[in-house]
Amino acid sequence: MNRIASFMNRMYFGKALPFNYRIYMIFFFECLVISIISATTNTLLQKGLYGVVFQWSFIVFNVIILFIPIKWRMALTRPLLLFVLFFYIPFLFFQTAGYDGTAGLFSILACFLLTIMFIGKTRVLLIIANIVLWLCICTLSYLYPNIIVPHGSRQADFFDYIVALTLALSGIAILGVYVKNTFEEEQRRIHGLLKSEEDTNKKLEELTNRDPLTGTYNRRFLSNFLEVKLQPEIQPPKDLCVMALDIDHFKQINDTWGHGFGDEALVRFTTAIQDNLRKDDILARLGGEEFIVVLNQIEFPKAKEIAERIRKAVSEITFHNGARMTVSIGLVQAEPGEGEDDVLKRADKCLYHAKNAGRNRVVSNP
């Protein structure tokens, strides 16, 4: 069974094949099954000899088509569809009872496929030609009723309709379901691509807001964040505190142990800070060893506690080479009417006093 399924997918219905070809092959197999059942029915009901012979000849031809190379079969899809639509079905109409027969039902199925297999003006012209053809067929059968081969009995008429209506409706349903499923699958694929693109854009946007070494936010993000946060309608200024942090004697660390170790020290430093921040707090790198922390929705005494915890955590960092590291911190509370530059200048001033007072300490100015 697996081999048969693999063969069918490779030759007729696989997703690697063009959509139009897959749709056509569904129609092709439907047409083959319908033709076999219809030809058997017409033979049993002793309908027109020419129609029966023609049907069986068409069936044999289609069986041969099944086993020719796929590129030849793909090249024959449109010509065969046009042959069925404009010759095979109309011929059967005259040979199988005309108005009282059911050949016209199958023209609807073929016309449905016509709208999928052709595009643009060609599709419009072929649909119009098919409509005109059937108007001519109906008119011709009305004016010359003797050219129609009728049913032999009412039972034959009834049996023909039951079989043909079932086959035609089933064929349209199968094609409709397949097209709908394919459409939904394509929608999911497109949605997946859009979501993937959206996720990619978010990641790219996130990267533009991040420092590539430490993964902390950069100056660009900090400026945008403070611009929003310092608006009184967003958050009362008194609920926001800002820390300016600077690693003590960082140049000496680089000179002694090299820039590679300096990068490692920066990463360890930012990790120690983030471990002591809350979920909504922001850590940003201004450049070099200078960082800013923004504490949201916090009272100043609590902000001082966090600053002291950060200072202590940094001083406890140990490295394999025995190096140690400390940090100086300036802490301020935002005031009404202050902008980004104002609050950062005050935080930097406190940091300057912390450095002059001996480093490894927190200086605050509420």
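Reply: Helices (H or I, at least four residues) and strands (E, at least two) are DSSP runs, numbered from the N terminus. This is a predicted model, in which local features need pLDDT of at least 70, side-chain atom pairs count only at pLDDT 80 or more, and totals for chains, interfaces and linings use all residues. Residues are numbered from 1 along each chain as its sequence is written, and side-chain values use heavy atoms, with hydrogens and water left out.

Me: How far apart are Phe-221 and Phe-225 in helix α8?

Reply: They are four residues apart, and therefore separated by about one helical turn.

Me: How are the rings of Phe-221 and Phe-225 arranged?

Reply: A pair of aromatic rings is described by the distance of the centres and the angle of the planes. Rings of Phe, Tyr and Trp (its six-membered ring) pair if their centres lie within 6.5 Å; planes under 30 degrees apart count as stacked, over 60 as edge-to-face and the rest as tilted. For Phe-221 and Phe-225 the centres are 5.9 Å apart and the planes stand at 20°, so this pair is stacked. Tyr-217 and Phe-221 are also a stacked pair, at 3.8 Å centre to centre with 15° between the planes.

Me: Is Phe-225 buried or exposed?

Reply: Buried means under 20% relative accessible area, exposed over 50%, and partly exposed in between (1.4 Å probe, protein chains only). Phe-225 is buried, because its relative accessibility is 15%. Phe-221, at 18%, is buried, and Tyr-217, at 17%, counts as buried.

Me: In what order do the strands of the open sheet lie?

Reply: Strands of a sheet pair through backbone hydrogen bonds, either parallel or antiparallel. Two strands count as paired if DSSP finds at least two bridges between them. Here five strands form an open sheet in the order β2-β3-β1-β4-β5, with mixed pairing. Its edge strands, β2 (282-287) and β5 (362-365), each pair on one side only. Between β2 and β3 (residues 290-295) the pairing is antiparallel, over five bridges.

Me: At what angle do helices α9 and α10 pack?

Reply: Two packed helices are described by the angle between their axes and the distance between the axes. Axes are lines fitted to C-alpha atoms, for helices over the stretch in contact (heavy atoms within 4.5 Å), and angles run from 0 to 180 degrees between N-to-C directions. Helix α9 (residues 250-257) and helix α10 (residues 259-274) pack at about 135°, with axes 7 Å apart. The contact includes Trp-257 of α9 and His-259 of α10.
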